[in-house]
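User: I am new to this structure. Please walk me through it in short questions and answers.

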Amino acid sequence: MTAALRCQFALLVLLLGLFLQPTTTRADSVGADEGLLFEVKPASSAAPSYLFGTIHSEDPRVTRLPAEVQAAFNACPGFALEVVPDTSAIIEAMMTMTYTDGRQLRDVLPAGLYAEVREALAELSMGEEAFKDFKPWAVMTQLSTPRGETGDFLDVKLYREAVAGHKRIAGLETMEEQLAIFDDLEEADQIALLEETLDARGALPRMFEQLTLAYLQRDLKRLQALSDASLEESEPRLAALFRATVIDARNRRMASRMIQRLDEGGWFVAIGALHLTGETGVVGLLRGMGYSVRRVY
């Protein structure tokens, strides 16, 4: 896996990484507490589309699609995901992750914290030359992303299959929009998030296994509880900021951008699983817009 692709995949943890994603409310009659695949029908006679919850993992238990999911994917001529991981997105990611004003990471971080970063990234086989221009939030994404061997993460696997199948492909967000959530943070907040990530990184493999098991059981409620427990350990102000920007605002944006495609019919839409659940989740938002949303798997 190239360094550029590793950086781009790390950024997708923003949506797919389940460590920082709470919802503010939950209503069983509106949102979803279980299931990963939902049939979505508009009021018109258009063909149904499907909404699928993903997790950022290359674990074969995850990437081996259940028959119901594979059938829905195969039946749809269109495929939509959060961000299309093409060359332009990768270039945008690399440019945004790095300082362009002459500063380097060592100029921004306290000496002790920089030494911790250097040691932690060395464990990921990243030398100083590879990260010296990174912003603090970019380092944080590297450290909070599950380590990969093949790069064939679930979302990437679906994208490649869609390309190979000559499906229409669309993104619900731009790379610029996703990166802005971190890049617009004050530098002090970026550093605080980096420090929290360094403190917690030893527990991340165990937590990700717990998340994976809950995902395989299609237990959105359990995924939510694990995520909430993790976020409770964060600084309250930053936690509130993430609730507003990473979840609520992005759920509304993605749901609104699905409308045209859902009204056309025949789209398979893949987003992070925790964006499905709760009253402010995408399932609830679509139901509130008048769509029929039925759990399939």
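Predicted model: local features only at pLDDT ≥ 70, side-chain atom pairs only at ≥ 80, totals over all residues.

Analyst: Residues are numbered from 1 along each chain as its sequence is written, and side-chain values use heavy atoms, with hydrogens and water left out.

User: What share of the residues of the chain count as buried?

Analyst: Buried means under 20% relative accessible area, exposed over 50%, and partly exposed in between, with a 1.4 Å probe and protein chains only. The chain has 297 residues. The share that counts as buried is 54%.

User: How many helices and strands are there in the chain?

Analyst: Both are DSSP runs, numbered from the N terminus: helices are H or I with at least four residues, strands E with at least two. The chain holds 15 helices and 6 strands.

User: Which helix gives the most to the lining of the second largest pocket?

Analyst: On a 1 Å grid over the protein atoms alone, a pocket is an open set of points where a 1.4 Å probe fits, with protein on both sides within 12 Å along at least five of seven lines; lining residues have an atom within 4 Å of a point. This pocket is lined by 22 residues. With 5 residues, the helix that gives the most is α12.

User: Which residues lie nearest the centre of the second largest pocket?

Analyst: The lining counts 22 residues in total. Those nearest the centre are Thr145, Pro146, Arg147, Leu204 and Pro205.

User: How many residues of α8 are buried?

Analyst: Helix α8 is mostly covered. Among its buried residues are Trp137, Met140 and Ser144.

User: Which backbone oxygen lies 3.0 Å from a polar atom of the side chain of Ser144?

Analyst: Ser144 is found in helix α8. Its relative accessible area is 10%, so Ser144 is buried. The backbone oxygen at 3.0 Å from its side chain belongs to Met140.

User: Is His166 buried or exposed?

Analyst: His166 sits in the loop between α9 (154-164) and β4 (168-171). Its phi is near 55 degrees, a positive value in a residue other than glycine. Because its relative accessible area is 74%, His166 is exposed.

User: What is the phi of Arg218?

Analyst: Arg218 lies in the loop between α12 and α13 (220-231). Most residues other than glycine have a negative phi. Arg218 is not a glycine, yet its phi is positive, at about 60 degrees.

Definitions and conventions: Polar contact = N/O pair within 3.5 Å; in protein donor to acceptor, adjacent residues only side chain to side chain.
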